Amino acid sequence: MLACVAGAVALHLAFPPPLVALLPSPDMHELHPDFDTFRASAVALTHGGDIYDTPAKLRNLNPPVLAALLAPFALLDALPAYRLFVVLTLIMVVGAVAVVARELRLTAGPTAAVVLVVLASSPLHGTLLLGQIYGLLLVGLVAGWIAERHGHPLVAAACYGVTVSLKPSLAPLLLLPLVLRRWRPAAVGFGGAAAASLLGVLAAGPATGLQWLRIGLSEPVPDTADNASLPGLAVRLGLPSAVGTVLGLAVLTGTLVVLYRRRSQVDPAGTAPWAVLAAGLLMSPIAWHNYLMLLWPGVLLFLARGGPAPYRPGRAAVLLAVAVVPVSWNALWPAGEWWALPGRTLYCVVLLAYWWVLLSGASGSSSAGRVADGTERRDEPPTATALSVTSEPDTGSSSTASAAPGASSSAGGSSSVAVSGGT
């Protein structure tokens, strides 16, 4: 933790300005390109145009449903819309983290420390500067987790499904109910994702669905340093991206196999969904460092005594601390130099560490789990008496840091200010 804090201070001094200092800039095209892309698609949607053919700097890689969801921002000029979106994102991220802390009955000290780390974190700063949608995704994931925790698995599955429809790279999360043999939540999750996606296609026009698929399948894997996925790492190592995809698929498959074999001990409101999310991000062609915030709720489970995961505050503290290191880290490791490869693997190593720790806690201590009739129930959080597992249930998601602003960025990749472009 001390090393992360010291490194963050040194990097901020060596490579000013910090990302948060650039938030007030009116330069939508260069400094806030992700939101500029999202809003341009929303404007095209409201005017009957092509949501994937806009004057934005970056190509929109997201499904049509996102343009439909963000359509209200088309009513505002670009800069006011961006500033409103930043405020809403900040509220969503901090609010989601605070709600998870409250659910876990964390005391005021740990809760305040977590919120401070979140506010100081590089993923949050990059998300706000670029105008990415990770705050929205975090809210959807936390809503599903809370519903599961309070004994509403179908509501949880619907929340997860809608969230996946906004960011299909999170789709492996929908496989967890199948692994745990919870058939109704599985059906609701896939059905919710399909229904939300269909609504987006109907709103934007039937042709947009196939158009989005063509864009998604043809987009190359970015080799920028903060693409934390295994395909991204493979490209940086000079290997075909398919090598990383195969490795990522192995990680995801292994995760699901482990959870299946331990399914009588796995709490779906524990770290299991976050472990599957991490595995899915490792397999995804694009998993910017900013995606890390989607896994923070799972990390917080290790801070709760008697909760659904083992009490491991040291591991949680380290996983949160590494997020404080700013993306100017990348400026120390120039692309194309063999000696820079270890430094350019940092974000992938961080994501791997998250995955490993979250998976290790997926079958840990549980204060509330499956009840005898096979359904899922969450009692009043952590104060409730632990329930024994007696049967199996049958019911029921770039920071290319440049040394100085103004460096060029690649399509769908990095911005000019050392942060990841996640469109």
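Modeller: The model is a predicted one, and it holds seven aromatic pairs. In the pair formed by phenylalanine 35 and tyrosine 82, the ring centres are 6.1 Å apart and the planes stand at 55 degrees, so the pair is tilted, given that only planes over 60 degrees apart would count as edge-to-face. Because phenylalanine 35 belongs to helix α3 (residues 33-46) and tyrosine 82 to helix α5 (residues 78-103), this pair ties together parts that are 47 residues apart in sequence. Both phenylalanine 35 and tyrosine 82 are buried.

The rings of tyrosine 134 and tyrosine 291 have centres 4.6 Å apart and planes at 40 degrees, so this pair, too, is tilted. Since tyrosine 134 lies in helix α8 (residues 134-149) and tyrosine 291 in the loop between α15 and α16 (296-300), the pair ties together parts that are 157 residues apart in sequence. Tyrosine 134 counts as buried at 1% relative accessibility, and tyrosine 291 counts as buried at 4%.

Ring pairs also link Phe35, Phe73, Tyr82 and Phe85 into a cluster. A contact of another kind involves arginine 263, whose charged end sits over the ring of tyrosine 260, 4.2 Å from the ring centre.

As for helix α15 (residues 272-283), 11 of its 12 residues are buried, so the helix is largely enclosed by the rest of the structure; among the buried residues are Trp274, Val276 and Leu281.

How values were computed: Residues numbered from 1 in each chain as written. Predicted model: local features only at pLDDT ≥ 70, side-chain atom pairs only at ≥ 80, totals over all residues. Heavy atoms only, no water. Buried < 20%, exposed > 50% of the residue type's maximum accessible area, 1.4 Å probe, protein only. Helix = DSSP H or I, 4+ residues; strand = E, 2+ residues; numbered from the N terminus. Phe/Tyr/Trp six-rings, centres within 6.5 Å; stacked < 30°, edge-to-face > 60°. Lys NZ or Arg CZ within 6 Å of the ring centre and 35° of its normal.
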